[in-house]
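Here is a note for a colleague who is opening this structure for the first time. The points below go from particular residues to the whole chain, and they may be read alongside the display.

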Amino acid sequence: MPVLAVLNQKGGVGKTTIATHIAMRLSELKHRVLLIDADQQGSSLDWKAARGEAPAFTVVGLPKDSIHREIGELSKDYDWVVIDGPPRVSTVAKSAIAASDMVLIPVQPSPYDVWAAKDIVDLIVEVRVLKEDLKAAFTVNRKVVGTAIGRDVSSALSNFPVAVLKSFISQRVSFAESAASGRTVLEVEPRGAGAKEVRDLVKEIMEHLDGR
């Protein structure tokens with residue numbers, strides 16, 4: 001039962017968008033998925049409320065530093081757990097990392113985002129002292145296709161002791177529009193480019209967890 005935490009200490013990088021889309025894609029693949037909202041702002045819970053009906057996966061709030069202790073009981077009826085983490089390095093973030101098999105770090109194509117990544121990477125390195133098999137990877141979010149900065153950010157991230165996924169999510173209005181109604185691009189534009197990017201991202205995450 002893999003546990004995936006979506007974390008970055010910098011706010012506004014799209015953690016909730018990434019987390020809800022990953023959870024939805026895993027549900028499409030017939031997995032039983034639990035999405036834990038570990039952010040006090042409760043963005044994933046707000047997304048669920050905007051939907052007006054239960055999504056294909058369970059969403060619960062747990063913005064506490066006890067996630068790593070409670071994950072066993074919480075996850076017993078699920079195939080996957082996705083954690084939508086807090087927007088800062090904290091005891092809650094450290095607990096989420098300790099509970100996880102893999103940490104996914106969304107980064108926007110901006111030098112500020114690259115510089116800010118150091119704090120969450122340092123925390124991952126700290127947890128790896130006790131959890132050597134912990135995996136971690138960056139994914140570029142809101143990439144502007146065809147721009148130099150969209151290409152250069154992956155090169156800049158390669159300086160950290162964390163993998164950089166080939167998959168990325170582009171800047172698309174459809175992500176914001178679908179979120180406003182508690183939906184995902186997988187539902188509103190299943191054959192669109194955004195949906196394909198989400199499917200590619202989830203496929204690569206699964207391969208990364210399998211060690212490929």
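**Notes on the predicted model**

1. Leaving aside neighbours within four places in sequence, Ser95 is in contact (heavy atoms within 4.5 Å) with Lys64, Asp65, Ser66, Ile67 and His68. Ser95 belongs to helix H4, residues 91-99, where helices (H or I, at least four residues) and strands (E, at least two) are DSSP runs numbered from the N terminus. With a relative accessible area of 3%, Ser95 is buried; here buried means under 20% relative accessible area, exposed over 50%, and partly exposed in between, with a 1.4 Å probe and protein chains only.

2. Before going further, please keep in mind that this is a predicted model, in which local features need pLDDT of at least 70 and side-chain atom pairs count only at pLDDT 80 or more, while totals for chains, interfaces and linings use all residues. Residues are numbered from 1 along each chain as its sequence is written, and side-chain values use heavy atoms, with hydrogens and water left out.

3. How many helices and strands are in the protein? The protein has nine helices and seven strands, and its C-alpha atoms fill a box of roughly 45 × 40 × 35 Å along the principal axes. For 212 residues, a compact globule would have a radius of gyration near 17 Å, and the 16 Å of the protein agrees with this; the radius is taken over C-alpha atoms, and the globule rule is 2.2 Å times the number of residues to the power 0.38.

4. Of the 212 residues in the protein, 50% are buried. Among the contacts with a separation of 6 or more, 80% are accounted for by residues 24 or more positions apart. The accessible surface, from the Shrake-Rupley method with a 1.4 Å probe, comes to about 9,700 Å², and 51% of that surface belongs to carbon and sulfur atoms.

5. The largest nonpolar core has 34 residues, of which Leu7, Ile67, Ile83, Ile97, Val103, Ile105 and Phe138 touch the most other members. Helix H5, residues 111-128, gives the largest share of this core, with seven residues. A second, separate core of 29 residues includes Val6, Val82, Met102 and Leu201. A nonpolar core is a set of buried Ala, Val, Leu, Ile, Met, Phe, Trp, Tyr and Cys residues joined through side-chain atoms within 4.5 Å. In soluble globular proteins, nonpolar side chains tend to be buried together.

6. Which residues does Ile83 touch, not counting residues up to four places away in sequence? They are Val3, Leu4, Ala5, Val6, Ile36, Ala38, Ile67, Ala96, Ala99 and Ser100.

7. Val107, in strand S5 (residues 102-107), is buried, with a relative accessible area of 0%. Beyond residues up to four places away in sequence, Val107 touches Asn8, Asp113, Val114, Phe138, Thr139, Val140, Asn141, Val153 and Leu157. Val107 and Phe138 are 31 residues apart in sequence, and their C-alpha atoms are 6.8 Å apart in space.

8. Pro87, found in the loop between strand S4 (80-84) and H4, counts as buried at 15% relative accessibility. Apart from residues up to four places away in sequence, Pro87 touches Asn8, Gln9, Lys10, Gly11, Lys15 and Asp39.

9. Phe175 has its place in helix H7, residues 173-180, and counts as buried at 8% relative accessibility. Not counting residues up to four places away in sequence, Phe175 touches Thr17, His21, Ile169, Ser170, Val185, Gly194 and Val198.

10. Two backbone angles deserve a look. Most residues other than glycine have a negative phi. Lys30, however, has a positive phi of about 75 degrees although it is not a glycine; Lys30 is found in the loop between helix H1 (15-28) and strand S2 (33-37) and counts as exposed at 72% relative accessibility. Arg142, in strand S6 (residues 135-143), also has a positive phi, near 60 degrees, and counts as partly exposed at 29% relative accessibility.
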